[in-house]
Structure formats: structure tokens, C-alpha cells
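Please view the sequence and the structure first.

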Amino acid sequence: MTPLPKRPLTGQFTDAALDTGSLATSLTVGVATAYAAWDTLTPAHWFGDLQIIAAGAVCVITAATAESLLGILLRPVRRSLWDSTRPVLAVKALPPVAVTADECRTQIAAAAAADAAHRAANMSHTIDHGQLLNHPDRWHGYEDGDATFYLAPGVILHFTYRQDPYSRAEFVLLTSDRDEQLEIRAISDVHRHLTSRPTPEATEPEATAPEATAPEAVAHGATGAAEPVTEHPAF
């Protein structure tokens with residue numbers, strides 16, 4: 001997943017300087033007001049502790065009032081500072097408008113494959129809360145809505161989205177050493193199978209991982225000119 005851009009350091013430092021200046025000004029106003037009102041608000045016959053408590057209350061109230069007023073006065077400055085230093089989010093380029101039916105089908109197939117990869121990553125939380133399977137870039141989507149996740153040589157996790165009659169995700173483990181398909185209800189099922197799986201011979205050729213699918217170019221070339229991939233991995 002692409003991380004969000006951070007705010008420039010100049011904006012962070014300026015914002016921190018405004019906060020520090022506002023707090024220092026408020027405290028200065030509070031202390032000065034309490035000092036000026038020491039003799040006025042504290043009669044001479046009061047005990048020293050009462051004088052200190054009264055002066056402290058005046059200082060706190062005055063400082064809080066000054067902080068609120070400074071916040072109102074500095075609001076336009078903060079807004080202008082944020083507009084000038086806020087991070088710029090990268091905008092994904094839109095695909096060109098299709099001029100032929102073949103180009104339209106290619107774009108739709110690519111979009112369906114990208115949707116399948118993202119849907120598999122998003123719905124993987126039903127079997128994996130460890131967030132191993134929630135990366136769309138690791139899923140290889142297909143235009144029919146299915147997707148595959150390469151786990152190990154000869155071991156692939158297959159995702160199918162069914163709507164019969166309720167929408168649900170189905171994860172199946174495909175392996176090269178057996179024809180049966182193992183339904184996965186938790187990531188521990190995959191671990192249990194890999195633990196009990198016999199170690200392949202050293203001379204046995206290893207299966208190759210399917211090429212990772214990028215979100216912006218799923219199952220077709222960067223220009224969208226090539227035909228989408230339609231074949232699922234078979235063992």
C-alpha cells in the first residue's frame with residue numbers, strides 16, 4: 001500500500017513555532033495580570049496562602065482567555081499556512097478513452113482483474129488476521145473475478161467470490177502433489193498442510209511463482225495493448 005505523503009518540515013516547524021509563541025504569550029499575559037492585580041484583588045489582611053491562591057486563579061483565567069483569543073486571531077494564519085504547506089497527494093492517471101470495442105474489452109478485463117486482486121486482499125481477513133494476505137500486489141487477479149496468491153513452490157491459494165445466493169469469499173489451497181482442493185477456513189489450515197506435506201526431492205523441478213500483478217496494470221501491459229491473462233494456474 002502506498003503510504004500517505006508527509007507534511008513538509010517547514011510547515012511543521014512553523015506550526016510548532018505558532019503554538020509555542022501563543023502559549024508563551026498567554027502565560028505572560030496571565031502572570032502580568034496576576035502581578036498587577038496582586039494588591040487590588042488581595043486585601044492586606046488576607047493570609048499569604050489566600051493571596052497566592054487568588055493570584056493563581058487570576059493567572060489561570062487570564063491565560064486561558066488570552067489563549068482562546070489568540071486562537072481566534074491566528075486561525076486565518078494557520079489556515080493559510082496549512083494551504084501553502086499541506087502534502088500533495090499523487091493522483092493516479094486515468095486510462096485513455098477506448099476508441100474501439102477491443103480496447104474497451106481490454107480495459108474492462110484489466111479492471112476486473114484488478115478488482116479481483118483487491119477484493120481477495122480485502123476479504124482475506126476472514127481467514128487471516130495476521131495480515132499476510134491483505135496485500136493486493138501479492139494477489140494475481142483474473143477477469144472472471146478469481147485471484148491466486150503464490151505461497152510456495154507448488155502451493156497456491158485460490159480465491160473465488162461467489163454470490164449464490166449470498167455473497168461470500170471462498171479460499172482453496174491448490175498443490176502440485178495432490179489433485180484434491182483443500183478448503184481454507186483459517187490461515188492455520190495452510191500451515192497444517194505445509195507441515196504435513198512431504199519434502200520434494202532435490203532433483204524435482206520447482207514450480208515457478210506467477211508474476212505479481214500491479215494494481216495499475218493487472219493482467220496486461222503498461223499500455224493496455226496486450227490481451228489480458230485468462231489462464232488460471234493448474235497443477
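## Surface and overall make-up

The protein has an accessible surface of about 15900 Å², and carbon and sulfur atoms account for 61% of this surface; accessible areas follow the Shrake-Rupley method with a 1.4 Å probe, and for residues only the protein chains shown count as cover. The model is predicted: local features need pLDDT of at least 70, side-chain atom pairs count only at pLDDT 80 or more, and totals for chains, interfaces and linings use all residues. Residues are numbered from 1 along each chain as its sequence is written, and side-chain values use heavy atoms, with hydrogens and water left out.

Of the 235 residues in the protein, 28% are buried (under 20% relative accessible area; exposed is over 50% and partly exposed is in between, with a 1.4 Å probe and protein chains only).

## Order of elements

The protein contains five helices and five strands, which are DSSP runs numbered from the N terminus (helices: H or I, at least four residues; strands: E, at least two). From the N terminus, their order is α-α-α-α-β-β-β-β-β-α.

## The largest nonpolar core

A nonpolar core is a set of buried Ala, Val, Leu, Ile, Met, Phe, Trp, Tyr and Cys residues joined through side-chain atoms within 4.5 Å. The largest one has 17 residues, among which W139, L157, F159, F171 and I184 touch the most other members. At least two residues each come from α4 (101–123), β2 (147–152), β3 (155–163) and β4 (167–175), and α4 gives the most, with five.
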